[in-house]
Amino acid sequence: MLSMVEPMDQSDLMDGMDTEDVRELQLLTESRRVSTRFHPQHGENIILLEDNTVAYRKASFANAVTFSEKPLLPGEIFLLEIEKNERGWSGYMRLGLTQRDPKCAVTQDGNFPQYALPDLANMGQSWIYGITKTQNNVYRFDSLENNVSEDDDTPLKSECTKLFVGSSQCVKTSRGTIPRSWLRSSSSNKGEEILPTDVGSRIGVVYVPLRNGNAEMHFVINGEDQGPCTRDIPYKEGPLHAVVDVYGTTKQVRIVQLQGVASLQSACRDAILLHLRNHSVAELPLPKSLKDFLLFNS
């Protein structure tokens, strides 16, 4: 089988296809894409660009709280790349999750939260941390492991140190399997050192359900899982949006699209299905596993 980790290049695939076939293939591929965007509700200093996938802070260092347009699925990585920094301020981007509806995220005085920390966090139902140059794995495993017993419903010790991203070159998410390299900055993919707060750094947030009914939140920084930074998110009580505060020296961030990016394998499947037209997949002289793959039953 073809690798699922290679990005699709449709130019070779479309050679020899007539215009109608090419258009049908494009529509089939586009129909599977799910774009991740910022929510139209945001701080007054934020300008959204490029179909709401880029958040730019136009002034000051505050009033730049933004949200994901849609709630995240368990195991879905919301990934950002820092595109611009601005000297003269202290602190960096804040990132996390909230069960607050972005449409109704107002403080007690009726104003949109000026900061993710402390304003939005103090409203409750939010789990937000500041990104720093070095210390982003803020959760202490030993404090939990020392309190684990055989009888309670706390996650087992083996679960305490489990990293969502793992160590393989492919990462399984709820939106599909992606290459680990997509989570890294271009500099770190070349072996160059880059700090989490530098331009080009890629920072993601994801939540993972636990056996006790809660979920833990992880930061993924340039392809490296930082471990759980909190483990008490009652994710079943309401949808969770990503929160991004373009704060301090962080000036502009872009959402990195991880889902909906077709692989070469998917492109081949689309082409086969397109040319079947009057034939059934079940009638093809192929092994059952390949037929299941074409029908998305694998």
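1. Strand β13 is largely enclosed by the rest of the structure, because six of its seven residues are buried. Buried here denotes a relative accessible area under 20%, exposed denotes over 50%, and partly exposed lies in between (1.4 Å probe, protein chains only). Strands (E, at least two residues) and helices (H or I, at least four) are DSSP runs, numbered from the N terminus.

2. The model is predicted: local features need pLDDT of at least 70, side-chain atom pairs count only at pLDDT 80 or more, and totals for chains, interfaces and linings use all residues. Residues are numbered from 1 along each chain as its sequence is written, and side-chain values use heavy atoms, with hydrogens and water left out.

3. Strand β13 has pairing partners, where pairing requires that DSSP finds at least two bridges between two strands. With β4, β13 runs antiparallel and is joined by six bridges; within this pairing, E81 has R254 as its bridge partner in β13. Strands β2 and β13 also run antiparallel, joined by three bridges, and Y56 has Q252 as its bridge partner in β13.

4. How many salt bridges does a search of the whole structure find? The search returns 10, a salt bridge being a side-chain nitrogen of Lys or Arg within 4 Å of a carboxyl oxygen of Asp or Glu. Side chains of opposite charge can pair when their charged atoms come close.

5. E83 lies in strand β4 (residues 78–85) and R254 in strand β13 (residues 250–256), so the pair ties together parts that are 171 residues apart in sequence. E83 is partly exposed at 24% relative accessibility, and R254 is likewise partly exposed, with a relative accessible area of 24%.

6. A salt bridge also connects R180 and E224, with the closest N and O atoms 3.9 Å apart. This pair links distant parts of the chain, 44 residues apart: R180 is in the loop between β8 (176–179) and α6 (186–189), and E224 is in strand β11 (residues 224–233). Is R180 buried or exposed? With a relative accessible area of 4%, R180 is buried, whereas E224 is partly exposed at 42%.

7. The surroundings of R180 include a further interaction: its side chain reaches the backbone oxygen of G166 at 2.8 Å. Leaving aside neighbours within four places in sequence, R180 is in contact (heavy atoms within 4.5 Å) with several residues, among them V165, S167, C170 and G223.

8. D51 and R37 form a salt bridge whose closest N and O atoms are 3.0 Å apart. The two residues are 14 residues apart, D51 in the loop between β1 (46–49) and β2 (54–57) and R37 in the loop between α2 (19–31) and β1. D51 is exposed at 53% relative accessible area, while R37 is partly exposed at 23%.

9. L95 is found in strand β5 (residues 94–98) and is buried, with a relative accessible area of 0%. Its C-alpha atom is separated by 7.1 Å from that of I131, 36 residues apart along the chain. Not counting residues up to four places away in sequence, L95 touches residues including L80, W127, I131, F219 and V243.

How values were computed. A polar contact is a pair of N or O atoms within 3.5 Å; within protein, one must be able to donate a hydrogen and the other to accept it, and residues adjacent in sequence count only if both atoms are side-chain atoms.
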